[in-house]
Amino acid sequence: MAADTGPQAQLPGAAARPATGADWLRPSQVLRFAWQEALSCLFAVCLFVGLALSSVVPLPLARYDALLLYGIALTAVFWATRLETGSEALAVAGFHVVGLVFELVKVNMGSWSYPEEALTKIGGVPLYSGFLYAAVGSYVCHAWRRLDLELAGYRGVATALVAAGIYTNFLTHYWLPDVRVALAAAMVAATWGVMVRFTVGAVRYRMPLALSFVLIGFFLWVAENIATFLGAWEYPYQADVWRLVHPAKFGAWALLVTVACVIVATWKQAGRERALQPR
């Protein structure tokens with residue numbers, strides 16, 4: 001079944017040959033894929049560099065305030081140097097807003113905290129924290145473009161409804177029943193048979209969309225451990241000494257990344273539809 005993300009003048013990966021079993025293990029291909037993934041993570045890497053430096057370099061203003069200015073400057077540099085297109089920058093800004101709403105609820109319910117003082121804190125949440133979610137959005141946007149992603153058999157409406165339910169459940173499970181397990185099962189059902197097609201070099205690969213959510217979720221959990229070690233935020237059990245983020249957060253990230261993917265898939269579809277309209 002063709003992807004329902006809209007027709008295109010040229011199919012993604014049209015010039016690439018289908019991957020064989022050997023292509024998945026070929027060292028040159030693994031390195032090419034790792035390099036493209038590293039480039040896709042550039043915004044996040046730069047953000048981590050800022051977190052690390054701000055924890056050791058004396059600053060003339062509060063650390064969270066400095067990180068907000070750094071995130072704004074980083075976004076401007078990425079746009080000015082065309083590392084991100086204007087539409088990608090707007091999409092990343094959308095992730096910033098979605099992330100801040102998430103943070104306002106979670107922080108005020110005591111899930112985690114930002115213990116340092118800052119002028120740019122609202123409801124205990126520093127505004128820079130939105131860039132942590134923007135980094136996830138930047139990664140998805142870049143990976144989509146660099147790897148020429150295509151969703152084959154994607155059921156947009158069903159997947160978006162489940163993703164919206166996942167986001168809502170993370171905000172409301174303090175007062176309503178926590179149905180994340182049921183939502184995870186619903187996401188598996190909504191994406192059953194959906195394949196992510198992507199290109200590395202001259203080879204076109206495919207994998208189940210649900211598996212890609214799990215893999216990205218794992219690496220986000222690893223990134224969360226690095227971020228909390230650098231003092232980006234802290235969980236209650238990390239107040240006295242840093243500890244590994246609970247493995248259960250791996251599952252939470254695997255669910256949350258579905259929201260990011262749905263947002264980008266919807267944005268990509270809208271862009272293709274605008275491009276096909278008569279001028």
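Trainee: Which element gives the largest share of the nonpolar patch?

Mentor: This is a predicted model, where local features need pLDDT of at least 70, side-chain atom pairs count only at pLDDT 80 or more, and totals for chains, interfaces and linings use all residues. Residues are numbered from 1 along each chain as its sequence is written, and side-chain values use heavy atoms, with hydrogens and water left out. The elements giving two or more residues to the nonpolar patch are α2 (42–54) and α3 (63–80), where helices (H or I, at least four residues) and strands (E, at least two) are DSSP runs numbered from the N terminus. The largest share, 3 residues, comes from α2.

Trainee: Which residues form the patch, and about how much accessible area do they have together?

Mentor: Patches are made of residues with over 30% relative accessible area and no salt bridge; like charges are joined within 9 Å, and nonpolar side chains (Val, Leu, Ile, Met, Phe, Trp, Tyr) within 5 Å. Areas come from the Shrake-Rupley method with a 1.4 Å probe, and for residues only the protein chains shown count as cover. The members on the surface are Val45, Val49, Leu53, Val56, Val57, Leu59, Leu61, Leu69 and Ile72, and their accessible area together is about 760 Å².

Trainee: Is Ile72 buried, partly exposed or exposed?

Mentor: Ile72 sits in helix α3. Buried means under 20% relative accessible area, exposed over 50%, and partly exposed in between (1.4 Å probe, protein chains only). Ile72 has a relative accessible area of 47%, so the class is partly exposed.

Trainee: How far apart are the end C-alpha atoms of residues 63–81?

Mentor: The unreviewed UniProt entry lists "transmembrane region" features, including 63–81 and 156–176; UniProt positions are given in the numbering used here, feature names are shortened, and annotations may be inferred rather than shown by experiment. Residues 156–176 are 81% helix and 0% strand, with end C-alpha atoms 27 Å apart. For residues 63–81, the chain is 95% helix and 0% strand, and the end C-alpha atoms are apart by 26 Å.

Trainee: Which residues does Phe102 contact, leaving aside neighbours within four places in sequence?

Mentor: Phe102 is in helix α4 (residues 86–108) and is buried, at 3% relative accessibility. Phe102 is among the residues with the most contacts inside the largest nonpolar core, which has 74 residues; such a core is a set of buried Ala, Val, Leu, Ile, Met, Phe, Trp, Tyr and Cys residues joined through side-chain atoms within 4.5 Å. With contact meaning heavy atoms within 4.5 Å, the partners of Phe102 are Trp112, Tyr133, Tyr167, Phe170, Leu171 and Leu256.

Trainee: How many salt bridges does the structure hold?

Mentor: Side chains of opposite charge can pair when their charged atoms come close. A salt bridge is a side-chain nitrogen of Lys or Arg within 4 Å of a carboxyl oxygen of Asp or Glu. One of them joins Arg17 and Asp23, with the closest N and O atoms 2.8 Å apart. The structure's count of salt bridges is 8.

Trainee: Is Asp23 buried or exposed?

Mentor: Arg17 is partly exposed, at 39% relative accessibility. Asp23 has a relative accessible area of 1%, so Asp23 is buried.

Trainee: Which residues do salt bridges that share partners join into one network?

Mentor: Arg197 and Glu150 form a salt bridge at 3.7 Å, N to O; Arg197 is in strand β5 (residues 195–200) and Glu150 in strand β4 (residues 150–152), 47 residues apart. Arg204 also pairs with Glu150, at 3.4 Å between the closest N and O atoms, and Arg204 lies in strand β6 (residues 203–208), 54 residues from Glu150. Through shared partners, the salt bridges join into one network Asp148, Glu150, Arg197 and Arg204.

Trainee: Where is Ala202?

Mentor: Ala202 counts as exposed, at 53% relative accessibility. Leaving aside neighbours within four places in sequence, Ala202 is in contact with Ala16 and Arg17. The place of Ala202 is the loop between β5 and β6.
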